Amino acid sequence: MSVKIRLQRHGKKGKPFYWVVAADARSKRDGKYLEKIGTYNPNTNPATIELDVDSAVRWLHNGAQPTDTAKAILSYKGALLKHHLDGGIRKGALTQEQADAKLAAWLEAKDSKVNAKKDGLSTSKADARAKALAAEKKVNEDRVAAAKKAEADAIAAAEAANAPEEVAAEETATEENNEEAQA
């Protein structure tokens with residue numbers, strides 16, 4: 001029986017969620033599996049991966065073949081590196097302490113990269129929010145300025161319309177005063 005480490009799809013339509021499982025190569029994609037090794041959620045940024053590294057390495061030692069995506073996940077979490085280092089220990093090229101030190105250094109570097117990405121995403125999100133707020137404030141200020149200008153134009157137009165009436169009223173008043181003075 002050949003064993004594959006592969007993904008088993010769960011979740012609703014458009015929102016996939018995967019289990020990383022060790023299964024018989026002949027079983028269906030979402031069918032019977034031998035052991036659940038971890039989970040993979042691609043809906044988050046960065047993707048959330050929970051993996052039992054020791055169990056994955058044990059299956060790799062027993063000859064399980066990972067699919068392409070499962071291989072990428074195992075590599076991302078360090079299971080393939082641990083499997084590789086264990087091969088070096090069996091051959092006598094490394095001691096257990098050296099292998100553990102190399103794995104710990106690699107995991108630390110990987111964690112710093114992931115944290116840097118999370119920080120970069122949060123800062124870019126905050127920058128985008130600040131830009132949107134500034135643009136909204138500018139639009140509101142332009143709208144208020146346009147309203148004030150329109151109001152001032154309306155007042156000026158009303159005064160211009162009233163001005164000929166006032167001039168005409170003043171002229172009639174002047175003419176009446178002149179007529180009274182002549183009489």
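Reader: What makes Lys82, Leu85, Asp86, Gln96, Ala99, Asp100 and Leu103 the lining of the largest cavity?

Author: In this predicted model, each of Lys82, Leu85, Asp86, Gln96, Ala99, Asp100 and Leu103 counts as lining because a lining residue has an atom within 4 Å of a cavity point. Helices H3 and H4 (96-182) each supply at least two of the lining residues, and the largest share, 4 residues, comes from H4.

Reader: Why does the search of the whole structure count this space as a cavity of 30 Å³ or more?

Author: The largest cavity has a volume of about 40 Å³, and the search, with its limit of 30 Å³ or more, finds 1 cavity. The word cavity applies because a 1.4 Å probe fits there but cannot get out.

Reader: How do you know how the lining divides into nonpolar, polar and charged residues?

Author: The lining has 3 nonpolar, 1 polar and 3 charged residues. Leu and Ala count as nonpolar, Asp and Lys as charged.

Reader: What makes the span of H3 close to the expected one?

Author: H3 (residues 79-91) has 13 residues and reaches 19 Å, against 18 Å expected at 1.5 Å a residue. Just after H3, Gly92 takes a positive phi of about 90°.

Conventions:
Residues numbered from 1 in each chain as written. Predicted model: local features only at pLDDT ≥ 70, side-chain atom pairs only at ≥ 80, totals over all residues. Heavy atoms only, no water. Expected span 1.5 Å × (residues − 1). 1 Å grid on protein atoms, 1.4 Å probe; cavity = no way out; pocket = protein on both sides within 12 Å on 5 of 7 lines; lining within 4 Å. Points joined across faces, edges and corners; volume = space filled by probe spheres on them.
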